[in-house]
Amino acid sequence: MNGLPQPKPSVQAIAPYVGGQAKLAGRAEVLKLSSNENPLGPGPGAIAAFRALVGGNAGAGLHRYPSSDHARLRAAIADLHGLDAARVICGVGSDEIIALLCHAYAGEGDEVLHSAHGFLMYRLSALAAGAVPVAVPERDRVADVDALLAAVTPRTKLLFLANPNNPTGTMLPEAEVVRLADGLPSSVLLVLDGAYVEYVEGFDGGLAMVEARPNVVVTRTFSKIYGLGGLRVGWGYAPAPVIDALGRIRPPFNLSDLQQAVAIAALGDQAHLDRSRAENAQARDWLTGALRAQGLAVDESHGNFVLARFAEPEAAIRADQAARAAGIILRRMDGYGLPEALRITIGTMEDCRRVADVLAGVSEGQGT
Ligand SMILES: *Cc1c(COP(=O)(O)O)cnc(C)c1O
């Protein structure tokens, strides 16, 4: 047979992930509030570790492969959270853990459930594995446990739930997450994505549930509150058989020694986390109030962003354009089926004031 090489149809069906925009034409400085990054950046401990590694004798050791078993990083994670290091797996962001889970557990014809406005990578990773992503309706932008359970079929292999959820910012109470886990067949893997758990005081994101159940996995990341989105480190905590399966397909040497060392240093910097959580909560509460006062609909957010909903998609587009004209990049939500909404990452208090001022100008201009 002749013809060009053809990727699998399931691969051709994927629309690639588009990250938050970082630049505006003609502007040297922008306020990027499109990717839920920590406005404070990484903590001093992580920066010092990075400097120590790339400074001094830069280049030394670059010919050596890194530790492939991530033993020190896993031990540091396990120490901090009181976990069994043997059941921690580290990846290139939690995105890699999500992808490994899909590849290990879902194949052609299998179903992967997620709530309607769940993180896009669930859908993309399911498709990449050849599986069928199933979006389950929510109730007022909150995951609906009854609907999720009703959507389970004999082909369901995985259920992804981010709690708090991106991009809605909403959260399921722990009792509801337990009800979901109780109602699922034990053959379905429940993945609790904890990308934003550190923003919720005293919440472990379900790590204790992993200890008690054979089919619950938790994923975590250094990209959000740790301020290390550029480092690309995430991890998962799972029952031993799941760790065994993921370990068989995880690429060896997926994390450089630099990534591992900076992540370890970040774990030791609790003060930076506490400060980031406190400042985020204060600025988020202020921005939520300011936007509601302008007549926008804003759910209570438990993460480091808010979802502002406008009367119609055109109003969201006008607001987005006004923000861009002022050098501020927000995130349009068309890809999430929320064309009337903008997701706004919580920056510093000053950043939030700038956003509120720009959006106030747009709504005032509408009446005239
Ligand atoms: C940001 C985010 C992630 C983390 O991605 P990384 O690959 O760890 O940078 C995972 N899940 C959700 C819901 C997120 O918003």
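Predicted model: local features only at pLDDT ≥ 70, side-chain atom pairs only at ≥ 80, totals over all residues.
Local features need pLDDT of at least 70, side-chain atom pairs count only at pLDDT 80 or more, and totals for chains, interfaces and linings use all residues. Residues are numbered from 1 along each chain as its sequence is written, and side-chain values use heavy atoms, with hydrogens and water left out.

Start with helix α10, residues 257-267. Helices here are DSSP runs (H or I, at least four residues), numbered from the N terminus. Helix α2, residues 44-54, has an axis that comes within 7 Å of the α10 axis. The two cross at roughly 150°. Axes are lines fitted to C-alpha atoms over the stretch in contact, and angles run from 0 to 180 degrees between N-to-C directions. α2 and α10 are therefore roughly antiparallel. Angles over 145 degrees count as roughly antiparallel, under 35 as roughly parallel, 65 to 115 as roughly perpendicular and the rest as oblique. The α2 and α10 crossing is right-handed; in such a crossing the near helix is turned clockwise from the far one by less than a right angle, and anticlockwise makes it left-handed.

Which residues meet? From α2 come Gly 45, Ala 46, Ala 49, Phe 50, Leu 53 and Val 54, and from α10 come Leu 258, Ala 261, Val 262, Ala 265 and Ala 266. Contact means heavy atoms within 4.5 Å. By class, this contact of α2 with α10 has 10 nonpolar, one polar and no charged residues. Ala, Val, Leu, Ile, Met, Phe, Trp, Tyr, Cys and Pro count as nonpolar, Asp, Glu, Lys and Arg as charged, and the others, Gly among them, as polar.

Helix α10 also meets helix α3, residues 71-81. Their axes come within 9 Å and cross at roughly 15°. That makes α3 roughly parallel to α10. This crossing is left-handed.

Now move to helix α4 (residues 93-105) and helix α5 (residues 120-128). They pack at about 40°, with axes 8 Å apart. So α4 is oblique to α5.

An oxygen atom of the ligand is 2.5 Å from a side-chain N or O atom of Thr 221. For Tyr 196, the corresponding side-chain distance is 2.6 Å.

Key. Polar contact = N/O pair within 3.5 Å; in protein donor to acceptor, adjacent residues only side chain to side chain.
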